[in-house]
Amino acid sequence: MLPIGEETPSRFELLSMVKKHSNLLGKTTVDEQDASDVEMDGQFWHDVFDLYFVRGKESRGRQDDDLIFFVRKWRGHGFNDNDEGLAPYFVRRWAPELDKLVGESLSEVDWRRSFYLNMIAHTSYSVTVAICSHHALINHQAGQDTPLSPIYKVVKTVYASPSRVNFHLDSKKEVETTPAYPDICFAIDDFDSTFDAVVLTDTDHCYCVLLNALDGAAFPSEKDTNDSSSSNKLPLRVDTNSLKSKNSKLTLFSGFVSYQMVRDAYDAGSSRFGSLLSIGHSSGKTDRLSMKGPGGRGEVEVAVSGVVDQSKQESGPFSPVISKGGFGLGSIVRKAAAVASVAAKNAYAAAASTSSSDEEMIPLKCCLMSITLPWEHIAYDLLFKGSPPVKL
């Protein structure tokens, strides 16, 4: 039991307790000897959850998303044996009393998993998509003193969700949302406009994706601990040196793929390159590139399309860029159409000037749609990863 009253541990202190009792994170098999008594204590996780996400809301000094997630207890081979259609989690809007907030579902909640899910969901993230020189990137990885400067990059704020967003690009980008948990999905709803200028125009180009955690629930301020009058009344020892400052930045996913690999998959229509990437075509849909992270960890889904050579198109009303599968991104305003037309002409000009192969150089536009990672990998990195973030 944790003390629940006027003088309660700060988020910084609570997260130190959580870190101390997170030995099971990331382990495929559970050995009870690896877990502390506290780690298996549902009441401990209930109280930490209450103090971290419910009772501490007004004193946190920042406005979090007011949605609170609750993971259902795992039973046998699934989250629920009676209703296969039941989602593995449910959602409530914040209220000042936890047990009343959950209501009759109180006994269904896995408080340990629920704490980690909310820590992930209430942390801030950004994704960086960049075009880099493949040659420079390989030299950089080999430890050579070569600066890694992107040719072009886009940085976008993204949000963690236990739901997966499936984009039906052949139907004017209709969206279907389904539960993803135990995976966590970072989706970019406006991927087509956000990454419209991310076009590979050279065989030396590679497509790079980074996901960084920046701020929020996983990065509490140490100042809160210094101001707390309850620091000497904690039931568990707090190791404040083990935690990061709230200004920390962590890279949770980093991966890249060369132009040639994207091109080969695009041309083949259905190919697999070891565990790195695969691409599948469905009738009437755009080409989807699925890129695995290092060691097969995580997955990135990208919409890939060949850029139409505008210099060879007859003049007339502008239509959206068409891929081999054939898809439209819906109506585009005239100003955006003009910009896209210029970008396509520039892409082809760049491709023509740099291509030394007999094979026609096709500029490939790559729009990041989503990144998916297992929740345990994210939670472990947020608590324990000490390596510096990837700079790009």
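Reply: Asp 50 is buried, with a relative accessible area of 3%. The cut-offs are these: buried is under 20% relative accessible area, exposed is over 50%, and partly exposed lies in between (1.4 Å probe, protein chains only).

The model is predicted, so local features need pLDDT of at least 70 and side-chain atom pairs count only at pLDDT 80 or more, while totals for chains, interfaces and linings use all residues. Residues are numbered from 1 along each chain as its sequence is written, and side-chain values use heavy atoms, with hydrogens and water left out.

Asp 50 has a charged partner. Its salt bridge is with Arg 55, and the closest N and O atoms are 2.8 Å apart. A salt bridge here is a side-chain nitrogen of Lys or Arg within 4 Å of a carboxyl oxygen of Asp or Glu. Arg 55 is partly exposed, at 47%. The whole structure holds nine salt bridges.

Take a second pair. Asp 66 and Arg 93 meet in a salt bridge, 2.8 Å from N to O. This pair links distant parts of the chain, 27 residues apart: Asp 66 sits in the loop between α2 (42-54) and β1 (67-71), Arg 93 in strand β2 (residues 89-93). Helices (H or I, at least four residues) and strands (E, at least two) are DSSP runs, numbered from the N terminus. Asp 66 is partly exposed at 30%. Arg 93 is exposed at 55%.

Now a third. Arg 164 bridges to Asp 183, with the closest N and O atoms 3.7 Å apart. These two also link distant parts of the chain: Arg 164 is in strand β6 (residues 163-168), Asp 183 in strand β8 (residues 183-187), 19 residues apart. Arg 164 is partly exposed at 25% relative accessibility. Asp 183 is partly exposed, with a relative accessible area of 25%.

Next, the surroundings. An open sheet of four strands runs β4-β3-β10-β11, with antiparallel pairing. Two strands pair if DSSP finds at least two bridges between them. β4 (152-158) and β11 (250-258) are the edge strands, each pairing on one side only. Inside the sheet, β3 (residues 123-133) and β10 (residues 205-216) pair over eleven bridges, in the antiparallel sense.
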